[in-house]
Amino acid sequence: MEVFQLTTIVDASGLLHLDIPTQLAPGQVNIVVVLNPVASDRTQKPDYDFSDLAGKLVWEGDALAMQKVLRDEW
């Protein structure tokens with residue numbers, strides 16, 4: 001029994017092609033394949049970082065009372 005570990009590429013059609021030279025005699029063999037996707041070295045950058053635009057509202061007063069006032073306007 002031989003154990004191989006290699007990294008290869010799956011083509012656009014989703015097919016995995018393996019060309020592995022062996023020292024085996026011609027005939028039937030049992031094959032076990034474990035597919036483990038390789039993590040990308042590139043981390044996806046967010047489109048935009050809004051953290052510099054965020055702030056907080058300083059509120060003095062009763063938020064519930066203001067909400068009732070706004071509802072009454074409608």
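The model is predicted, so local features need pLDDT of at least 70, side-chain atom pairs count only at pLDDT 80 or more, and totals for chains, interfaces and linings use all residues. Residues are numbered from 1 along each chain as its sequence is written, and side-chain values use heavy atoms, without hydrogens and water.

Buried residues (under 20% relative accessible area) make up 0% of its 74 residues. The chain exposes about 8400 Å² (Shrake-Rupley, 1.4 Å probe), and carbon and sulfur atoms supply 56% of that area.

Leucine 6 sits in the segment before helix H1 (63–73). Leucine 6 counts as partly exposed because its relative accessible area is 44%, between the 20% and 50% cut-offs.

The largest pocket has a volume of about 1100 Å³. Of its 24 lining residues, Phe4, Leu18, Ile20, Val32 and Val33 are closest to the centre. The lining divides as follows.

| Lining class | Residues |
|---|---|
| Nonpolar | 17 residues |
| Polar | six residues |

Note on methods:
Helix = DSSP H or I, 4+ residues; strand = E, 2+ residues; numbered from the N terminus. Buried < 20%, exposed > 50% of the residue type's maximum accessible area, 1.4 Å probe, protein only. 1 Å grid on protein atoms, 1.4 Å probe; cavity = no way out; pocket = protein on both sides within 12 Å on 5 of 7 lines; lining within 4 Å. Points joined across faces, edges and corners; volume = space filled by probe spheres on them. Nonpolar A, V, L, I, M, F, W, Y, C, P; charged D, E, K, R; others polar.
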